[in-house]
Amino acid sequence: MNKRTRLVILLAILAICFVFLWPSICWYGRTPKEVQSLALGSTENIKDFATVKAAEDVRKIKAFAAKDSSAKLDEEYSWLEKASARKYKELGKKAPSEMTVKDVISIYDSEMEFMNEIQARYRDSILKAKKYYENSVKLGLDLSGGMNVIVKADLDAALASQGDTVSAENAADFKKEAMANAIENLSGRIDKFGLTSPVIRQQGDDKIYIEIPGAAQTDAINTLIMGKGILNFRLADMTATDSFNAYYTQHPATTFNAAGELMDPTLIPEDCEVFGTYKKDDYGLDERTGYLVVKKEIALDGQHIKSAEVRADQFTNQPEVCFNLDTEGAEIFGTFTSAHVGDVLAIVSDNKVKSYATIRDAIMGGSVSLSGGFSVEEAENIKKILQTAWLNVPLSVESQQVIGASLGETAIHQGIMAIILGLSLILVFMLIFYKASGINAVVAQILNLYIMFSVLSAFNLTLTLSSIAGMILTIGMAVDANVLVFERIKEELRLGKSRPVAISLGFDNAFWAIMDSNITTFIAAIFLSQLGTGAVQGFAVSLAIGVCSSVFTALFVSRLIFDFDTDVLHAKKVSIGWGY
């Protein structure tokens, strides 16, 4: 391979590494702390924040326009002039040369459309930061702070609560389903709390591991973990719903305040509440699709549900959700549905309307079927919602560890200082002992760290204290490869070889010694990463990455620097130690 090809390969690798590293640079170096906090919240929280901020801005701009509609927008809203100009162009109209507040507002057909324009800017900026985070190097719990909890699920107690309804043959399947349901319930509760990218996974047969980076309130988390989902059935007021939705379409910015409460309670009857209607989006998150006004009085509490399953309708073959009620629930539901045939019944879970349907006939006997053109996925989601009420799995906190953010910051600082100090001392030694050739080692080490962080970012790996330890070890190992090459070059120079020949033979003679030592280390690191867990695994992964990058920089980059000095700078001698 000629030198020009090697240079092109090196530049290409550095460029690719920069692309991988760019999200980490943007997240940790270019994203403000307040935006990071928003981006780390749940998708629903981001949407609520963008909606509230957009509503505030609309009210502010409308108040400004009421005072002087011929004035220009404030500097903070200058971007709206460009957005309005695009709107004029889309509609085939000529935008005014001097855009006033009136011109900006009038181009939008409704207040909702104007609010959506502003909301999109907030949403896009936060989601852009969230994307940077998702593609960047993550900080582990020991660096970012937070808490981890191991929760034990009492599956035997859940099975016992079902009495004779579950046979001994189906006990294992019941426990498996109960465990999956418990994990899903926890995921929904914790994500609703607006926490930062929680890790929730099953550990063993009956334990759930929860890891929550960032500052977390222990009492609030424990309440969420130990709490039960709130599910009930309520009657919907469709007349009030139509009236409310018509008002909201025209006045989206002045309907709710920052806390999500109605600014004008008279919009709905006193005996009603308004909740959002939700469905699962492509990412499995609750997506609000509209609003429904429901009665405050609960028609049936979810605790009366005893089982739920998805079946195919015997006439249409469409999926339907069937559930059974206990004796008391069957009596309550039969009386209620008899009195409200033709009305709409809503399933409310955690103050969200998850589904609603019209009561066709009185439902007696406690066996209920929900149908309405559901897809299989929609039917399964409704089944899971119903299961939160009856599939009660007792949970208990088995262990809990809280790591303060200040401890994480101290660990980061100490880790960075260890890398800088270790690298500096090694490089000083190389410069003193190997003189000008030590510069090769300096460049190789810097590029080694650059490539390591790029790989961590490319695979969205997590940086922990043990990972930093692996990096520090890699620095010493990488220098060892340079030392082997330099000593081989010295041997050739002592035999009277010229600079190009000594460098070529030095790298060739050191090649297999370097490869043997690094391959054995790499094999050990791979086994540790596969068989180890936690800190051991983090150390092994960073070590494996470091071994690969150090071999590349020591043999490829360092060789290219020597060749550059020979061919471009026309160096005749090798400054590689005292006496050379």
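This is a predicted model: local features need pLDDT of at least 70, side-chain atom pairs count only at pLDDT 80 or more; totals for chains, interfaces and linings use all residues.
Glu 273 forms a salt bridge with Arg 234, with the closest N and O atoms 2.6 Å apart. Because Glu 273 lies in strand β6 (residues 272-280) and Arg 234 in strand β5 (residues 231-236), the pair ties together parts that are 39 residues apart in sequence. Arg 234 itself is buried, at 7% relative accessibility, since buried means under 20% relative accessible area.

A second salt bridge joins the side chains of Glu 76 and Lys 60, at 3.0 Å from N to O. This pair, too, links distant parts of the chain: Glu 76 sits in the loop between α3 (43-67) and α4 (78-90), whereas Lys 60 belongs to helix α3, 16 residues apart. Both partners fall into the partly exposed class, Glu 76 at 49% relative accessibility and Lys 60 with a relative accessible area of 42%.

The next pair lies within one helix. The side chains of Glu 487 and Lys 490 meet in a salt bridge of 3.6 Å, N to O. Because they are 3 residues apart in helix α16, Glu 487 and Lys 490 are separated by about one helical turn. Glu 487 is partly exposed, with a relative accessible area of 25%, while Lys 490 counts as buried at 8% relative accessibility. Elsewhere, salt bridges that share partners join Lys 152, Asp 206, Lys 207 and Glu 398 into one network. The count for the model comes to 19 salt bridges.

Helix α16 also takes part in a helix packing. Helix α15 (residues 438-458) and helix α16 (residues 465-494) pack at an angle of about 140°, and their axes are 10 Å apart. That angle makes α15 oblique to α16, because only angles over 145 degrees count as roughly antiparallel. The crossing of α15 and α16 is right-handed.

Finally, the surface has a nonpolar feature to look at. Ile 519, Ile 523, Phe 527 and Leu 531 make a nonpolar surface patch of about 430 Å². One of these residues, Ile 519, is found in helix α17 (residues 499-531). With a relative accessible area of 40%, Ile 519 is partly exposed, and therefore passes the cut-off of over 30% relative accessible area used for patch residues.

Technical notes:
Residues are numbered from 1 along each chain as its sequence is written. Side-chain values use heavy atoms; hydrogens and water are left out. Patches are made of residues with over 30% relative accessible area and no salt bridge: like charges are joined within 9 Å, nonpolar side chains (Val, Leu, Ile, Met, Phe, Trp, Tyr) within 5 Å. Accessible areas come from the Shrake-Rupley method with a 1.4 Å probe; for residues, only the protein chains shown count as cover. A salt bridge is a side-chain nitrogen of Lys or Arg within 4 Å of a carboxyl oxygen of Asp or Glu. Helices (H or I, at least four residues) and strands (E, at least two) are DSSP runs, numbered from the N terminus. Buried means under 20% relative accessible area, exposed over 50%, partly exposed in between (1.4 Å probe, protein chains only). Axes are lines fitted to C-alpha atoms, for helices over the stretch in contact, and angles run from 0 to 180 degrees between N-to-C directions. Angles under 35 degrees count as roughly parallel, over 145 as roughly antiparallel, 65 to 115 as roughly perpendicular and the rest as oblique. A crossing is left-handed if the near helix is turned anticlockwise from the far one by less than a right angle, and right-handed if clockwise.
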